Structure formats: structure tokens, C-alpha cells
Amino acid sequence: AVAFFTFKYGRIDWLESNNEYWLEKDAQLRTDFNITSGFQVSDMERIKHKSKMKAYYEAAGIPVARYYMVETLEGCREFLAKVGYPVVVKPDNGVGAAATYKLSNDEELVNFFESYPKDVPYIMEEFVHAEVNSYDAIIDGEGNPIFETGNVTPDSIMDIVNNQDNSCYYILKKSLYLRIILT
């Protein structure tokens, strides 16, 4: 479709799907058609792989959970000796809470290790209990927010997915409050 639109209408200068699932496909299309409005293929590793993005968070002063790239059961146990249970295991390159599990004991660890797809790199992280706060904005051409909103999700999306529970969240009304909690 991009090739057809380029042929019919001329060079494409913007491509965006607004869906995390399509980030890699978007980047591939931008790279293939020299569309410079967003992430390119060369950016994907640092924004899609949980293990790679940690360095960028740390560089910005944001603490990150300790982790181990799952290779061996013994390696998992060595990591657990440092951080203790529970831990979270998930695909290093994944979307949302798909194939994400909280392990609370050695039996669950062994069951996970025996059943996870070995062709998919998995990351094991220390469990951090926290409320999820997000900030979204529409910005003008100079980078100034013209509309802001905050979303607070008190319960873990992983638990909601794995327990087939209800999702609960609320939207913050005041942008000033949003800026205070983000600084």
C-alpha cells in the first residue's frame, strides 16, 4: 500500500499506526520508504526489548528492576538468591502482559522453565509492587502540550490478564497535578 500511495500521490512524509504491536512494521516501512517522521529499524532494539531500554531509563535517572535474561534454571536460581520471590518473567520483546507471569515459589519456577518457548528470549525481573501512572499529551509544533491527561491504574495489568480480573483505572483531571507528579 505504501508503494502504491508513493507511486500514485508522491513521497510519503508521515506514517504512524498508534499501536505498540505494529511498532516494528511501522519502523520497517519508514526505513524502506525513507519516511523520517518516527522510529526506524535501527531504533527498535532499544524501544522494544525490555533488557535494552533499561540503560536509557537509568541514564535519565529512573530506577529499574534488576533482571536476568533467562538461559538456565541454575541461572534463574542464582538471580533469585539475590532478589527473592516473587519475580516476573516475560518475553524480552513483547506487547502488554501477553505471556507474562509472576512466579512466587520454586515449583512455579520449574513449571515455567519446563514450559516456556525456548525460541523466545525471556527476561526475569524482580517484582516491584507499584501503581502505574501514565502521562499523555497532544503537543504543538514547538513541543508544548496543548492537551494533557493522566491515567492511574492501581492494579497490575499482568494480574488482571492472568487472573481474568476486571481492569480499574481513573483519569486525572488537572494537568498542573500531572506535572507535579511527573517532576
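Start with K54, which sits in helix α4, residues 50–59. Keep in mind that this is a predicted model. Is K54 buried or exposed? Its relative accessible area is 7%, and the cut-off for buried is under 20%, so K54 counts as buried. Which residues does K54 touch, leaving aside neighbours within four places in sequence? They are V64, A65, Y67, I123 and E125.

Next, helix α6, residues 106–115. Here L109, F112 and F113 are buried. These three cover an arc of only 95° around the axis, so they lie on the same side of α6. On the other side of α6, the exposed residues are E107, E114 and S115. What covers the buried residues? The cover includes helix α5 (73–83) and the strands β2 (87–91), β3 (101–103) and β4 (122–126). The N-terminal end of α6 is capped by N105, with a side-chain oxygen 3.1 Å from the backbone nitrogen of E107.

Now the cysteines. How many disulfides does the structure hold? The count is 0. C76 is buried, at 0% relative accessibility. C168 is partly exposed, at 40%.

Last, Y169, in the loop between α7 (157–162) and β7 (170–172). In sequence, Y169 and V152 are 17 residues apart, while their C-alpha atoms are 5.5 Å apart in space. Not counting residues up to four places away in sequence, Y169 touches N151, V152, T153 and P154.

Technical notes
Residues are numbered from 1 along each chain as its sequence is written. This is a predicted model: local features need pLDDT of at least 70, side-chain atom pairs count only at pLDDT 80 or more; totals for chains, interfaces and linings use all residues. Side-chain values use heavy atoms; hydrogens and water are left out. Helices (H or I, at least four residues) and strands (E, at least two) are DSSP runs, numbered from the N terminus. Buried means under 20% relative accessible area, exposed over 50%, partly exposed in between (1.4 Å probe, protein chains only). Contact means heavy atoms within 4.5 Å. A disulfide is a pair of cysteine sulfur atoms within 2.5 Å. The arc is that of the directions from the helix axis to the C-beta atoms. A polar contact is a pair of N or O atoms within 3.5 Å; within protein, one must be able to donate a hydrogen and the other to accept it, and residues adjacent in sequence count only if both atoms are side-chain atoms.
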